[in-house]
Amino acid sequence: MPTEGTRHRWVRSPREWLLLFEAGISLVTARFFLKVLRTSRIVAWVRRPLSVADRLPAKGELHQVQWAVTAFSRNAPIRLVCFPQALAMYAMLRRRGLAAEILYGAGRLDDGTLAAHAWLRAEGRVWVGGDVADNFSVLDTWKPSIPPTPTH
């Protein structure tokens with residue numbers, strides 16, 4: 001994806017606009033579900049086996065999805081923090097048959113208050129929420145379960 005310094009932020013290809021639209025729908029949906037569903041229901045969805053075969057990402061595919069999620073989040077008229085960003089990117093990767101995991105952690109902020117944080121990891125790298133992830137201890141990791149191997 002082009003960097004903000006290489007061209008005007010409103011000049012995008014049709015593919016980039018579609019990706020931004022998908023990210024927007026995914027982010028708003030994730031934020032809505034976080035408000036109306038128990039976390040256990042969301043975790044159960046994350047832990048379902050992938051229905052599309054797990055595959056390796058195409059070159060640049062994870063970067064493109066990350067770009068769309070972070071670009072939409074930065075420019076949205078509503079606050080889209082770490083948890084909706086991690087869920088949205090997870091959903092977008094899942095639709096593409098790509099495995100990822102959401103890590104959920106807790107830690108103390110500089111003022112001593114306890115805070116929670118969520119970040120997404122795929123292909124051994126943190127894609128969203130990684131800027132402060134080192135300040136949090138992992139409490140749980142949510143990823144798709146491995147479907148049972150069919151026996152003949």
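**Pocket, helices and nonpolar cores**

The second largest pocket is lined by 13 residues, and Thr29, Ala30, Phe33, Trp45 and Ala91 are those nearest its centre. The structure is a predicted model, in which local features need pLDDT of at least 70 and side-chain atom pairs count only at pLDDT 80 or more, while totals for chains, interfaces and linings use all residues. Residues are numbered from 1 along each chain as its sequence is written, and side-chain values use heavy atoms, with hydrogens and water left out.

A pocket is here an open set of points on a 1 Å grid over the protein atoms alone, where a 1.4 Å probe fits, with protein on both sides within 12 Å along at least five of seven lines; lining residues have an atom within 4 Å of a point. The second largest pocket holds about 250 Å³ of space, the volume being that filled by probe spheres set on the points, which are joined across faces, edges and corners. Its lining divides into nine nonpolar, two polar and two charged residues (nonpolar: Ala, Val, Leu, Ile, Met, Phe, Trp, Tyr, Cys and Pro; charged: Asp, Glu, Lys and Arg; polar: the others, Gly among them). Helix 1, helix 2 (39-46) and helix 4 each supply at least two lining residues, and the largest share, five residues, comes from helix 1. Helices (H or I, at least four residues) and strands (E, at least two) are DSSP runs, numbered from the N terminus.

Helix 1 (residues 14-36) has 23 residues and reaches 33 Å from its first C-alpha to its last, close to the expected 33 Å; the expected span is 1.5 Å times one less than the number of residues. Its buried residues are Glu16, Leu19, Leu20, Glu22, Ala23, Gly24, Ser26, Leu27 and Ala30 (buried: under 20% relative accessible area, with a 1.4 Å probe and protein chains only). Helix 3 (61-75) and helix 4 (82-95) are among the elements that cover them.

Helix 3 has 15 residues and reaches 22 Å, close to the 21 Å expected. Its buried residues include Leu62, Val65, Trp67 and Val69, and their cover includes helix 1, helix 4, strand 2 and strand 3. Gln66, also in helix 3, is buried at a relative accessible area of 17%. Beyond four places in sequence, Gln66 touches Met89, Arg125 and Trp127, contact meaning heavy atoms within 4.5 Å.

Trp127 is found in strand 3 and is buried, with 7% relative accessibility. Apart from residues up to four places away in sequence, Trp127 touches Leu62, His63, Gln66, Met89, Leu120, Arg121 and Ala122. Trp127 and Thr70 are 57 residues apart in sequence but 9.6 Å apart in space, C-alpha to C-alpha.

In the largest nonpolar core, of 34 residues, Val69, Leu87, Met89, Leu93, Ile102, Leu120 and Ala122 touch the most other members. A nonpolar core is a set of buried Ala, Val, Leu, Ile, Met, Phe, Trp, Tyr and Cys residues joined through side-chain atoms within 4.5 Å. Helices 1, 2, 3 and 4, strand 2 (114-122) and strand 3 (125-128) each supply at least two residues of this core, with helix 4 giving the most, nine residues. A second, separate core of five residues includes Leu103, Ala115, Trp119 and Phe136.

Phe136 lies in the loop between strand 3 and strand 4 (137-142) and is buried at 13% relative accessible area. Beyond four places in sequence, the contacts of Phe136 include Gly105, Ala115 and Trp119.

How values were computed. Buried means under 20% relative accessible area, exposed over 50%, partly exposed in between (1.4 Å probe, protein chains only).
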